[in-house]
Amino acid sequence: FSVQDREAYGLEGLLPHKVEDLDQQVRRCILQFQAKGSNLEKYRYLTMLKHINETLFYRLVLVCLEECLPIIYTPTVGEACLKFDKIYGLPEGMYI
């Protein structure tokens, strides 16, 4: 939210002080994504991001398509399905 939006909607004090545009948020997310050690950790990070901020999730995927596609599709999704009981976080369907 911009400074004006924060004032208009009464969000002051409820959000982090620094205002970042979408590109800045994407750059921060890329660094966090790349810091994950395994593909399964990257999958969990992207799943969490999708639940928290769908707009940011889809922008990140568009910007880093080649890096994200193997994580959000095969082969990592297959591994996530096999380990679903160990990585369960937020409710989300599992389609087989």
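Predicted model: local features only at pLDDT ≥ 70, side-chain atom pairs only at ≥ 80, totals over all residues.
Visitor: Why are α2 and α3 called roughly antiparallel?
Guide: The axes of helix α2 (residues 22-35) and helix α3 (residues 39-52) cross at roughly 150°. Angles over 145 degrees count as roughly antiparallel, and therefore α2 and α3 are described that way. Their axes come within 9 Å, and the crossing is right-handed.

Visitor: Which residues meet where α2 contacts α3?
Guide: From α2 come Cys29, Gln32 and Phe33, and from α3 come Lys42, Tyr45, Leu46 and Leu49. By class, five residues of this contact are nonpolar, one is polar and one is charged.

Visitor: What makes α2 roughly perpendicular to α4?
Guide: The axes of α2 and helix α4 (residues 54-63) come within 10 Å and cross at roughly 70°. The range for roughly perpendicular is 65 to 115 degrees, so the term applies. On the α2 side, the contact includes Leu22, Val26 and Cys29, and on the α4 side it includes Leu56, Leu60 and Val63. Seven nonpolar, two polar and two charged residues make up the contact of α2 with α4.

Visitor: How do you know whether Phe57 is buried or exposed?
Guide: Its relative accessible area is 7%. Buried means under 20%, so Phe57 is buried. Tyr58, at 42%, counts as partly exposed.

Terms used:
Residues numbered from 1 in each chain as written. Heavy atoms only, no water. Axes fitted to C-alpha atoms, helices over the stretch in contact; angles between N-to-C directions. Helix = DSSP H or I, 4+ residues; strand = E, 2+ residues; numbered from the N terminus. Parallel < 35°, antiparallel > 145°, perpendicular 65-115°, else oblique. Left-handed = near helix turned anticlockwise from the far one by under 90°. Contact = heavy atoms within 4.5 Å. Nonpolar A, V, L, I, M, F, W, Y, C, P; charged D, E, K, R; others polar. Buried < 20%, exposed > 50% of the residue type's maximum accessible area, 1.4 Å probe, protein only.
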